[in-house]
Structure formats: structure tokens, C-alpha cells
Amino acid sequence: MSMWLVLVWLGVLAIPLGLVFLGAMTATRSLWQHTPQLAPLLATVGLALAAWLTFVAYWVAPAAGLVAASVLLGGAIVAVAHGGVWRRWREAVPVLALMAGAITFAIAFSYLWGAATDPYSVVAGRFFHFLLPSDNTIPMLFADKLALGQSTTLLLGDWNGGDRPPLQTGFELLVSPVVAVAQAISGLTPVGLGGTLPLGASFAVDVLSQFLWLPVGYSLLRLLRFRAWVAIGALVFATVVPTILVDSVYTWPKMLSAALVLAALGFLLATRQTTTGALWPFVFAVISATFAVLAHGAAAFAIPALVIVGLVSLRGRGIRASFSPIALGAVAGILLYAPWFIYQRFTDPPGDRLLKWHLAGWVPVTQDSFADVLVAQYSALPFRDLVGNRLANLGTVFGADQFYRLADPNVNPFVFLRVVDWTSTAFALGVIAVGCLVAMIAWNLARRRRLDSAGRQRLLIVGAMLVCIVVWVIALFSANAAIVAQGSHAWILVLATVPFAWLLERVPRLALPLVGVQAVGLMVVYFALLRPDAPQRFSPAALVVGAAALAFTLVVPMLLARRSGVRHGAA
């Protein structure tokens with residue numbers, strides 16, 4: 001499938017997803033009208049809810065799923081047409097420009113060395129000297145099985161559908177009415193009525209859902225009281241952090257999950273900022289966190305941050321005042337998660353394979369319960385290995401487990417740098433982000449008694465994410481298991497954007513130079529195709545499109561944000 005066809009699919013299917021996004025924003029207008037920064041968060045949760053309802057309906061019956069998706073899309077169109085929220089489009093232009101530029105660059109950069117039979121294969125073989133696993137196709141395969149009314153057992157190899165959370169599958173099926181109409185006009189069997197989504201459509205929806213981290217990240221940074229152009233500048237920087245770029249197109253879907261974690265954090269921050277009290281923002285935080293886990297199980301490793309920020313947000317309100325939001329949030333979370341629990345236990349059991357793998361170090365398929373496997377594994381683990389595995393995981397976070405490669409005189413430096421990007425959290429963040437992180441923590445701790453509320457919240461968010469990394473290192477059973485691919489990208493996003501925004505706020509002139517250096521580093525390290533078994537088919541068209549999109553991404557969104565800030569009286 002060509003790059004051009006993928007870009008067309010992206011442009012077409014951005015319309016129905018955008019309509020549902022705006023419809024959710026319209027429906028929740030009364031909640032965000034006094035705190036506009038919450039609008040994208042509520043819209044993202046509304047979009048996730050629509051996707052989840054579509055998944056459940058397709059599970060009941062393909063025709064029911066098609067009807068449910070049609071009703072949701074129709075309702076969104078009516079809401080947008082009569083709500084008038086779209087008239088505020090100028091406020092969204094910088095973020096929309098950033099999304100358009102970043103997505104176009106990511107696709108073009110992925111296609112730099114030619115096309116393949118499908119875009120999933122292009123991405124899986126593009127960035128490393130090894131072929132990434134087929135995990136990025138699981139939501140698409142799941143959607144196909146649901147659309148055909150077939151069992152998801154042995155969905156991919158010996159993996160069942162119940163082994164991986166399905167929210168992204170719901171995103172794909174949400175656009176099925178649009179695709180079904182096109183298929184019917186073309187004489188093809190419509191999805192939901194015996195047909196399936198085309199590969200290009202599935203991939204486009206997957207990519208668009210991953211890039212929700214941009215509007216959500218913008219809202220979170222604005223809730224942390226960074227100026228608009230500073231927030232945009234930090235997000236521009238994040239788009240050229242390699243691990244973020246790769247996982248935004250390698251759609252398994254860690255970035256969608258991370259975006260929903262960030263949305264939950266935003267709601268928790270808003271608990272003290274809204275005029276309506278703590279009730280509804282806290283409940284939405286729990287709903288967003290539930291959807292994050294339903295997108296990718298790695299979101300569970302970000303729960304410590306949500307607990308820390310949640311407790312701080314409710315501090316001083318008393319036990320009685322805090323009980324209602326906690327209770328309502330718990331009920332909402334249980335109700336939303338219940339369909340997946342039922343699916344895992346009764347439709348496609350056992351559903352706990354990843355728990356056994358990551359938390360108990362047991363990879364082979366077994367019908368033994370997770371609790372039994374966990375107890376057996378820890379009972380057989382010597383204390384020395386228990387401690388040694390955690391220390392090894394800590395070393396992996398800093399890349400120590402890969403340094404042996406440097407002893408080889410024939411080591412390819414680009415292979416080494418890409419491998420540590422895949423495994424080490426510190427290397428994945430990069431020198432600039434880690435430098436900003438260290439500087440921000442040192443500066444804020446030195447002035448901790450003089451920090452304003454925004455400064456304390458920023459330090460709280462960063463510190464909470466560092467706590468998550470520590471918990472993650474301890475929770476994983478096996479040695480050297482704490483690789484980036486097996487953690488949440490929520491802390492990657494927070495640690496890449498918040499400290500960088502903090503620096504830009506103090507030294508604005510560093511914005512373009514630092515972003516430029518990060519972009520050059522990305523291009524130098526990831527330009528070549530390193531797989532020896534892959535055909536070298538360089539694409540001049542992808543180079544031109546990618547270069548233009550990158551230049552646009554690095555410059556235009558920040559300029560638009562600055563001008564918008566001046567027009568509205570704030571930079």
C-alpha cells in the first residue's frame with residue numbers, strides 16, 4: 001500500500017472521528033465552559049466511550065454494532081450542527097496544525113525506504129535492525145473477527161483476543177458506517193454485514209487514535225498553566241523524540257493508552273481549578289483511567305501517579321466530601337470495565353496471559369490461575385535473584401544492559417542507539433529531555449518553599465511519574481524486563497514535555513534551537529534502513545513530503561500559537 005493511499009485514508013477518516021470528538025465536546029459544554037482547557041479531555045473521553053460502546057455492540061452482533069456506530073455518528077453530527085462549538089475553531093488551529101504536520105511527517109518518514117503490502121508491515125520493518133512483532137495488527141485482526149461474527153480464540157499465533165485490551169478495535173469499528181456506505185456503493189460487502197474494514201482504513205484510524213496524545217497533552221500543559229506557545233513548543237519537541245514517533249505509528253496502542261492516562265491527570269488537576277467542585281472531574285479521571293487500561297494494559301503501571309495526584313487533589317476536603325467522587329468513580333470504572341472482564345472470563349478465556357508474563361515471569365500458555373502462577377514463581381525465586389532482578393531492571397532503565405555492545409569494535413552506532421531507544425527509558429527520552437528534567441527538579445527543589453501552585457503541580461506530576469518508574473522496576477518479575485516497550489508511555493510523554501515546557505518558559509530563545517537539535521538527531525540516527533534482509537527502495541517522494549512536513553511541524557504551530565496568544569491577550 002502506497003504512502004499516498006495511507007494519507008488519503010487518514011484525511012477521510014479524520015472527518016468521522018473528528019465529528020464524534022466535537023460531538024462529545026458539544027455535549028459536555030456546560031462542564032468546560034469555565035475551564036476551556038478541559039474541552040479536549042472531555043472530547044477524548046467521549047470519543048473513547050463511543051468506541052467502547054461500538055465494540056460492545058459488535059460483540060453482541062455485527063449488525064447491532066453497525067447500527068450502534070451509525071447512531072453515534074449521527075448523534076455527533078446533530079450535536080455539532082446545533083451546538084455551535086465548531087465556531088471556536090480558531091482556538092484549535094495550532095493543535096490541528098501540529099497534528100496534521102506530525103502525522104504527515106511520521107507517515108512519510110516510515111515510508112522513506114518504500115512501501116510494502118500493508119502499512120503495518122512498513123512500520124514494523126522500518127525503524128530497527130530487526131522486524132518488530134505483529135502486535136500492531138492485533139486491533140485490526142480483532143475488529144475483523146468481530147465484524148464477521150467469528151471467535152477471537154487464537155487470533156494471532158497462540159494469542160487469544162481476550163489477551164489484549166480492545167479499545168482501539170472499537171475505534172476502528174466506530175468508522176464502519178462510513179466505510180460500509182463506500183463499500184456498498186462500490187459493490188463490495190459492507191463491514192458489519194459480512195465484510196471487514198480495508199487495511200488502509202484500519203491503519204488510518206489506529207494512527208489517528210494514537211495521536212490523540214497531542215490535544216490531550218496540550219490540555220494537560222495548559223492546566224499546568226504553561227502559556228499556549230510554550231505548550232505547543234513542548235509538544236513539537238515530543239513529536240521528534242524517537243520513541244514517541246515510533247509508537248505513534250506502530251499502533252499496538254501504547255500512545256492511545258498514554259493519552260488517556262494524561263487525560264486522567266488533567267481531570268485530577270482540574271479538581272481544584274473548576275468552580276463546580278471535586279465531584280465530576282474526579283469521576284472523569286477514573287473513567288479516563290479505565291479507558292487507558294482498556295486501550296493497553298501498560299497503563300496499569302501509571303496508576304501510582306494517578307493515586308498520588310488524586311490524593312493531593314482531594315486533600316483538605318474531608319473524608320465525607322471525598323467519599324462521593326471516589327465512590328461514583330469506582331462505580332463508573334467497574335461498569336465500564338465489566339464487559340471486558342466478562343469477555344475475558346467467558347467468551348475468550350483466560351485473559352491473564354500478560355499478567356503471568358510480566359508480573360510472574362511465566363511466558364508459556366497455561367490454564368493455571370494468575371494467583372497460582374504468581375505464588376509458585378515467587379516461592380521458587382531465591383532472595384538473591386529477587387533483589388538482583390530488580391537491580392537489573394534499574395540498570396535497564398539507564399541502558400546499562402546494552403553497554404556490552406560497545407565492546408565490539410565493529411559495532412554499528414546507529415544499531416546501538418536504536419536498540420537503547422527501544423529498551424532504556426533514559427536513552428529513549430534523550431539528552432535534552434533528561435537535561436531539562438534534572439534542571440527542573442533541582443531548580444524547583446531549591447525553591448520549593450517559594451513555589452506557586454502551578455510550580456507545585458508541575459513538580460508533583462513529574463515526581464509522580466518517577467514513582468511509577470520505580471514501582472514498574474519492582475513489579476516486573478524478570479531481570480532486564482523494564483524495557484520501554486513493556487512500560488507505559490505516559491511517563492515518557494510527561495517527562496519529555498513538562499520539563500521542556502518549564503525550560504522554554506524561562507529561556508524562550510531556546511525553543512527552536514533545541515527542537516531543531518532534537519529533530520536533527522532523530523533524522524541522523526533513524527534515516528537509514530538497517531535491516532539487512534530488507535530491500536533498499538529509497539523513496540524520493542517520501543523524502544520531499546517528510547521534509548516539508550517536518551519543517552511545517554517545527555515552525556508553523558508555534559508561530560500560530562504565539563499569534564493566537566497575542567490576539568487573546570496572553571502569550
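What percentage of the 571 residues of the protein count as buried? In this predicted model, 56% of the 571 residues fall into the buried class.

The secondary structure comprises 26 helices and zero strands. The radius of gyration is 23 Å, close to the 25 Å that the globule rule gives for 571 residues, so the protein is as compact as a globular protein of that length. The C-alpha trace spans about 65 × 60 × 60 Å along its principal axes.

Most residues other than glycine have a negative phi, and most peptide bonds are trans.

| Cis peptide bond | Omega | 
|---|---|
| Tryptophan 252 to proline 253 | about -5° |
| Proline 349 to proline 350 | near 10° |

Proline 253 lies in the loop between α13 (242-249) and α14 (254-270), while proline 350 is placed in the loop between α17 (318-347) and α18 (353-360).

Positive phi values occur at leucine 154, where phi is about 55°, and at arginine 225, where phi is about 70°, although neither residue is a glycine. Leucine 154 sits in the loop between α7 (138-147) and α8 (167-174) and counts as exposed, because its relative accessible area is 55% and the cut-off for that class is over 50%. Arginine 225, in the loop between α11 (213-223) and α12 (228-239), is partly exposed, with a relative accessible area of 44%.

On the surface, a patch of positive charge gathers Arg272, Arg315, Arg317 and Arg456. Of these, arginine 456 belongs to helix α23 (residues 453-475), and its relative accessibility of 46% makes it partly exposed.

How values were computed. Residues numbered from 1 in each chain as written. Predicted model: local features only at pLDDT ≥ 70, side-chain atom pairs only at ≥ 80, totals over all residues. Heavy atoms only, no water. Patch = residues over 30% accessible without salt bridge, like charges linked within 9 Å, V, L, I, M, F, W, Y side chains within 5 Å. Areas by Shrake-Rupley, 256 points an atom, 1.4 Å probe, with all protein chains shown as cover. Salt bridge = Lys/Arg side-chain N within 4 Å of Asp/Glu carboxyl O. Lys, Arg positive; Asp, Glu negative; His and termini not counted. Charge placed at Lys NZ, Arg CZ, Asp CG, Glu CD. Helix = DSSP H or I, 4+ residues; strand = E, 2+ residues; numbered from the N terminus. Buried < 20%, exposed > 50% of the residue type's maximum accessible area, 1.4 Å probe, protein only. Rg over C-alpha atoms; globule rule 2.2 N^0.38 Å.
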